[in-house]
Amino acid sequence: MKIIAIVSLALVVLPPLAGQTRKEAERPGPVNVLESPSGVRFALLGEAGERPAPTILVFGGAMRAGLEGRSGTMCWILARHGFLAVSLDSPCHGEDQRSGEPFGLAGWRHRLEKGEEFLADFLKRTSPVLNHLIRQRVTDPERIVAYGPSRGGFLALHFAAVEPRIGTVVAFAPVTDLLALREFQGTRVKAAARSLDVMALAPKLAGRRLFIQMGHNDLRVGGRHAIDFALRLMELSPDHMKPMQGIWSGDALKLVITPSENQNGHTTYDGAHHDAAAWVLRKGEPNPDF
């Protein structure tokens, strides 16, 4: 399978993944559920050390599932390099799901149609957890990553936009336009849903390090919109006018576009977690050998 990748301002065709060696990632330890002084419960993978550690905030579903399931593979890889991983229940998932309320994305629509600002409420709960970890010298405020697949990518991008301490974002097949989702077809609150479009975040995120992976024809979340968002970030990037000096330079923004591997194109390619982890760790050098 070939991967077409846009690295900063360059269009690069990478060789097929076949034959590349990937070490199978294993979860490095138990996931503990803790509580911040503000009463917000969160899951933590890894042990706090004597010094503040680089930390990856994981967005997507229920807090434990985000760290224990396969979608947490990148976190397991980064844990071998000293990272801690933290996750909260996303809106309408885990302990945040209310009795009688639709689950997941349908719940997002339900709350929006009731006039609730589900996203703003979630972001307000997330920042105090990060503040707590920094105050306790658990998290290094200079090395914080936000990560999420699909709906988690949407949350990660929004959190990074309101939280300047997030220096790096990784989003796999992210939701970028709620109105592209089947759960929002026919909604009565199109204007409210449109106001949460990630395209509006581009000015706030330009210049951050972002890794975005998207199927070329993702019918589930609207792949074209996510690609347009990445291109807009490139246009606004402070490095936009700088010439490339090789494949490993200009690495502030990486967009990986992959051929569709299932019916709706909503997929993450083999090795994506390893590639993203290597990119998070890399500082102008080729991928570490995982």
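How much accessible surface does the protein chain have, and what percentage of that surface belongs to carbon and sulfur atoms? The accessible surface comes to about 13,100 Å², of which 51% belongs to carbon and sulfur atoms, with areas taken from the Shrake-Rupley method with a 1.4 Å probe and, for residues, only the protein chains shown counting as cover. This is a predicted model, in which local features need pLDDT of at least 70 and side-chain atom pairs count only at pLDDT 80 or more, while totals for chains, interfaces and linings use all residues. Residues are numbered from 1 along each chain as its sequence is written, and side-chain values use heavy atoms, with hydrogens and water left out.

**View 1. The protein chain as a whole comprises 9 helices and 10 strands.** Helices (H or I, at least four residues) and strands (E, at least two) are DSSP runs, numbered from the N terminus. Of the 290 residues, 53% count as buried, a term that stands for under 20% relative accessible area, as against over 50% for exposed and in between for partly exposed (1.4 Å probe, protein chains only).

**View 2. Aspartate 218 is buried without a salt bridge.** This residue is found in the loop between strand 9 (209-215) and helix 8 (223-236). A salt bridge requires a side-chain nitrogen of Lys or Arg within 4 Å of a carboxyl oxygen of Asp or Glu, whereas the nearest side chain of opposite charge, arginine 220, is 7.1 Å away from aspartate 218; Lys and Arg count as positive and Asp and Glu as negative, and His and the chain ends are not counted. Leaving aside residues up to four places away in sequence, aspartate 218 touches Ala173, Gly223, Asn264, Gly265, His266 and Thr267, where contact means heavy atoms within 4.5 Å.

**View 3. Arginine 109 lies in helix 3 (residues 104-113).** Its side chain reaches the backbone oxygen of glutamine 185 at 2.8 Å. With residues up to four places away in sequence not counted, arginine 109 touches Glu183, Phe184, Gln185, Gly186 and Thr187.

**View 4. Strand 3 (residues 31-35) and strand 4 (residues 41-45) pair in the antiparallel sense over 5 bridges.** Two strands pair if DSSP finds at least two bridges between them. Valine 31 stands opposite leucine 45 in strand 4, and the two strands form a hairpin with 5 residues between them, glycine 39 in the turn having a positive phi of about 90°.

Notes: Polar contact = N/O pair within 3.5 Å; in protein donor to acceptor, adjacent residues only side chain to side chain.
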